[in-house]
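The sequence and structure are shown first.

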Amino acid sequence: MSQPLLEAANVSHSFDTLLFSDVNFTLSPSQSTAIVGRSGSGKSTLLHIFSTFMKPDEGKVILLGHDLDILDDEEVESLRRYDIGIIFQFHYLFKGMSALENISVATMLSGEQIDHTILKKLEIDHLMGHKTSELSGGEQQRVSIARVLSKKPRIIFADEPTGNLDKETAELVMNVLLNYTKETGAGLLLVTHDESIASRCDSTCKLADKMLKEEV
Ligand SMILES: Nc1ncnc2c1ncn2[C@@H]1O[C@H](COP(=O)(O)OP(=O)(O)O)[C@@H](O)[C@H]1O
Ligand SMILES: [Mg+2]
């Protein structure tokens, strides 16, 4: 049995009131899991906790073998630069730069080469010379996904990555993300409202009543 990419035990977090408690979760290599749940249930917060961007009130998170509670800033920076990929609903591209320059920034930082097959699969290879401000929302989203995948992350956290895309483009993006996990052994943890997107993952967990439960 291979080592899990992510292991969380008894994770709890509150803001003004308790958001969730006793969350236990494991993600293995090549595995894709969708987290579903109502708006405000804490899905994004949980994703931030799992991906080094927030500390929980209680509980343990082991990401790629590292206990997030005892990592120093340099180790967190290295995980973010080389090993974890984060995809948000609203991409954060550099507007004045071309699509290619945006992707190059990520590959230069991570020491990887730009993967042209990923650009082709995302159907954005012909857009590389365009400034990102001249691209449609869906094209910009796919450039931001290419930027994340080009650094060859070992685990991907995606918060509503298809939320602003039409059905066909959403399917295309899911195909690329799921193929990436199968080809590289990376894990994918994805938050979505969309049942048809969730059903394409290996498993689904629901955040409801302050608990995370696997749906069977
Ligand atoms: N930094 C914060 N400070 C205080 N409350 C927050 C903060 N971030 C999120 N919340 C609250 O926590 C709840 C869960 O938010 P979130 O994790 O974004 O839910 P979801 O992604 O499921 O819609 C919401 O009620 C939100 O207002
Ligand atoms: Mg959210």
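## Ligand shell and strand pairing

In this predicted model, the shell around ligand 1 divides into two nonpolar, seven polar and one charged residue. Ligand 1 is surrounded by F15, L19, G37, S39, G40, S41, G42, K43, S44 and T45. Helix α1 (residues 43-50) supplies the largest share of this shell, three residues.

An open sheet is formed by six strands with mixed pairing, in the order β6-β7-β8-β3-β9-β10. At its edges lie β6 (84-87) and β10 (211-215), each of which pairs on one side only. On average, neighbouring strands of this sheet are turned by 20° against each other, direction ignored. Helix α6 (residues 167-184) packs on the sheet and touches β3 (32-36), β7 and β8. The direction of α6 makes about 150° with that of β8.

| Strand pair | Sense | Bridges |
|---|---|---|
| β1 (residues 6-14) and β4 (residues 58-63) | antiparallel | five |
| β4 and β5 (residues 66-67) | antiparallel | two |

Residue L63 takes part in both pairings: L63 in β4 is the bridge partner of L6, and L63 stands opposite H66 in β5. The hairpin of β4 and β5 has two residues between the strands, and L64 there takes a positive phi near 50°.

Note on methods: Residues numbered from 1 in each chain as written. Chains lettered and ligands numbered in written order. Predicted model: local features only at pLDDT ≥ 70, side-chain atom pairs only at ≥ 80, totals over all residues. Near = placed C-beta within 6 Å. Helix = DSSP H or I, 4+ residues; strand = E, 2+ residues; numbered from the N terminus. Nonpolar A, V, L, I, M, F, W, Y, C, P; charged D, E, K, R; others polar. Pairing = 2+ DSSP bridges. Axes fitted to C-alpha atoms, helices over the stretch in contact; angles between N-to-C directions. Contact = placed C-beta atoms within 7 Å.
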